[in-house]
Amino acid sequence: MKKTGYILAILGLSLVCVGLGIALYFNTTTMTGHASTLENVYQKSLYELIDNVNAIEVEVSKMLVSNDYDSQKKSMTNIKQQATDAQNCLSYLPISSGLISSSSKFMNQLSGYSTSILNGTQSAFSQEQEKTWQEIYDCIANLKYELNKISLKVSQGYSILENLDNNKEIDGFSQNFSGLTNDSIEYPSMIYDGPFSDGVLNQEIKGLKNETCNEASAREYLSLALKNFAVTEITSQGKTTGKFVTYNFVVKADNIIYYAQVTEQGKFLINLSGNVGDGEIIYSEENAIKTAESFAKNLALENMKCVWKATSKNITYVNLAPVVNGIIYYPDLIKVKVDRTNGNIIGWEATNYAYNHTTRNNGTFAKSEDEILASVSSKISVNSLKKCIIPLEYGGESYAYEICGKYNTFTYYIYIDANTGKQIKVMRVIQTTDGELLL
Amino acid sequence: MRRYISVLGISLTIVVLFSFMYSAINIWQNGDVTTNIVEVASITQNKEIQQKLKNLGYYNGAIDGVLGEGSIQAIKKFQRDNGLTVDGIVGAKTAAKLNISLSTQSSNDVYLLAKCVHAEARGEEYVGQVAVAAVILNRVESPEFPNTIAGVIYQPWAFTAVHDGQINLEPNQSAYNAARDAMNGWDPTYGCLFYYNPAVATSKWIFSRQTVVTIGKHVFAI
């Protein structure tokens with residue numbers, strides 16, 4: 001009996017040791033494989049980044065000595081692609097974002113700058129552009145120098161994974177990129193209208209009145225704005241001090257808790273966010289639209305009409321825009337969320353209105369409706385034609401005609417410049433699992 | 001003493017065996033999360049098909065998104081009556097006759113955004129979750145960050161919850177709603193690119209960013 005016990009114990013312990021050994025072996029093999037794969041991905045991204053930067057340097061230098069604009073355009077097409085690829089590679093590398101934000105911005109703007117020149121109608125570089133390309137070249141040459149230092153290290157056996165340490169703010173690998181910051185390299189300003197341009201990032205605020213208010217006055221305004229919400233309590237939550245300076249409040253009303261933001265300039269409800277109910281849907285989309293329009297009217301925003309609606313489960317999103325003399329002002333869009341389980345407004349987003357709303361008197365519709373309809377593709381079965389003002393992709397606005405039509409079961413919105421007759425953009429209604437989207 | 005050794009040996013053996021069994025079951029049960037998205041997309045489309053057929057009098061069953069025998073027979077009858085190939089499959093021509101768009105897209109971006117919101121800000125008030133989602137979208141728009149939602153979320157070292165695997169938790173409805181709101185333009189931070197919890201953040205660099213607003217536990221900065 002005692003012998004059996006001993007044997008069992010030894011067998012058991014042996015099994016345990018063998019089992020643990022096997023598990024450890026497989027685990028280690030798997031982990032080593034994963035680590036190796038990850039090291040390869042990082043090294044691939046690094047090598048491709050260096051290739052991209054080298055290629056950009058060559059293309060820019062060719063452009064600087066070329067006298068043929070067609071040849072320069074080919075170079076810019078390559079630069080645009082290489083810069084986008086370089087930015088992608090940078091984003092795959094495990095580097096502290098503070099060290100690469102300037103170089104990321106440079107690559108994105110370089111791609112945007114090339115795009116904006118390629119989309120233009122010029123036949124040669126302006127003096128300003130020549131100067132900018134020279135600055136870009138100087139910058140790229142410095143980037144190339146820094147990155148080639150890292151490339152040399154890696155080719156001599158430097159392991160990226162072994163130099164990562166997420167307990168340090170800047171680990172061994174990230175330190176290699178400290179030469180890419182704003183302090184080390186002079187990144188040029190690229191002035192253009194296009195993707196990632198500084199003009200797009202720094203938008204002017206036109207839609208708010210000039211007077212400022214204090215918190216007490218903002219609270220009073222909010223209380224009036226939400227007078228139909230059965231509000232029981234409004235608590236201050238401090239201020240936002242960004243592009244908009246707002247007074248922030250938590251509002252309790254029935255079973256809903258709202259977060260509301262009122263702008264200091266102009267005393268304007270710019271943001272409202274509340275929790276959604278979980279009952280049965282009892283409110284129709286049509287009633288949701290009426291509720292949204294009525295709320296806007298209560299805030300003394302005149303002529304706000306629903307220009308788009310989309311429903312996702314029990315929420316209807318209603319887009320309101322001012323319609324003045326039959327013209328839809330799309331840049332001044334306000335978005336409203338209506339809870340269809342109880343008809344409550346649970347969301348209000350008016351940033352575009354705050355940025356863009358202004359009186360517009362000097363636009364024209366030089367092209368007639370018949371001319372515009374004649375210019376539309378015969379494949380489209382036109383449902384409606386409306387006058388509007390639309391925001392342009394990289395700033396500015398345009399008077400336009402909006403044509404809504406169908407082709408092959410899909411609904412399209414086509415925007416045509418009201419004065420030149422040129423197509424500005426085409427959008428299509430997409431069905432998604434979260435409702436309709438316009439893309 | 002000997003009895004104790006026997007018992008210890010047997011117990012350890014049982015523990016190891018159970019561990020192996022548990023690991024095996026775990027691995028076997030790990031499904032592909034992305035099938036959820038595809039399944040939801042298909043169900044939505046199928047419901048639309050069933051509703052259309054019901055409206056036209058071809059289908060009497062439940063609008064459940066599952067194209068069972070009843071649905072297939074209804075499709076075949078519709079195809080027969082409309083001079084289409086009778087195969088029980090809603091292809092381009094059958095969809096056109098039914099006036100349905102076949103191009104229902106799954107919302108991968110919303111799902112990914114919701115996963116990150118849930119991972120980073122579950123437990124925060126709703127507006128705080130919207131703010132986190134808005135920061136991610138602001139980064140997509142910013143030239144300083146990757147240009148896609150996936151690129152921003154999976155940028156190495158960008159989000160703690162991605163780094164430690166919490167991103168793989170299934171998001172709740174609140175996270176979905178917050179993601180959707182942010183994609184529809186809600187941004188209570190007005191363009192912030194960073195956020196941190198001052199109680200746990202250790203990076204001197206993040207503290208140097210300009211604070212814009214504090215919502216719940218998070219400070220949002222540019």
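Biologist: How many salt bridges does the rule find across the interface of chain A and chain B?

Modeller: Let me start with the general idea: a salt bridge is a side-chain nitrogen of Lys or Arg within 4 Å of a carboxyl oxygen of Asp or Glu. Across the interface of chain A and chain B, the rule finds one. Its partners are Lys337(A) and Asp181(B), whose side chains meet at 2.4 Å, N to O. Please remember that this is a predicted model, where local features need pLDDT of at least 70 and side-chain atom pairs count only at pLDDT 80 or more, while totals for chains, interfaces and linings use all residues. Residues are numbered from 1 along each chain as its sequence is written, chains are lettered from A and ligands numbered from 1 in the order in which they are written, and side-chain values use heavy atoms, with hydrogens and water left out.

Biologist: How many residues does each chain bring to the contact?

Modeller: Contact means heavy atoms within 4.5 Å. Here chain A brings 67 residues and chain B brings 58 residues.

Biologist: And what area is buried between chain A and chain B?

Modeller: Buried area is the accessible area (1.4 Å probe) that two parts lose on being put together, summed over both. For chain A and chain B the value is about 5,000 Å², and carbon and sulfur atoms give 59% of that.

Biologist: Now for cysteines: how many disulfides are there over all chains?

Modeller: A disulfide is a covalent bond between the sulfur atoms of two cysteines. The rule looks for a pair of cysteine sulfur atoms within 2.5 Å. Over all chains, the count is zero.

Biologist: Is Cys139(A) buried or exposed?

Modeller: Buried means under 20% relative accessible area, exposed over 50%, and partly exposed in between (1.4 Å probe, protein chains only). Cys139(A) has 1% relative accessibility and counts as buried. Cys388(A) is buried too, at 0%.

Biologist: What does chain B contain in the way of helices and strands?

Modeller: Helices (H or I, at least four residues) and strands (E, at least two) are DSSP runs, numbered from the N terminus. Chain B has 10 helices and three strands. Along the sequence, their pattern is α-α-α-α-α-α-α-α-α-β-α-β-β. Of the 222 residues in chain B, 45% are buried.
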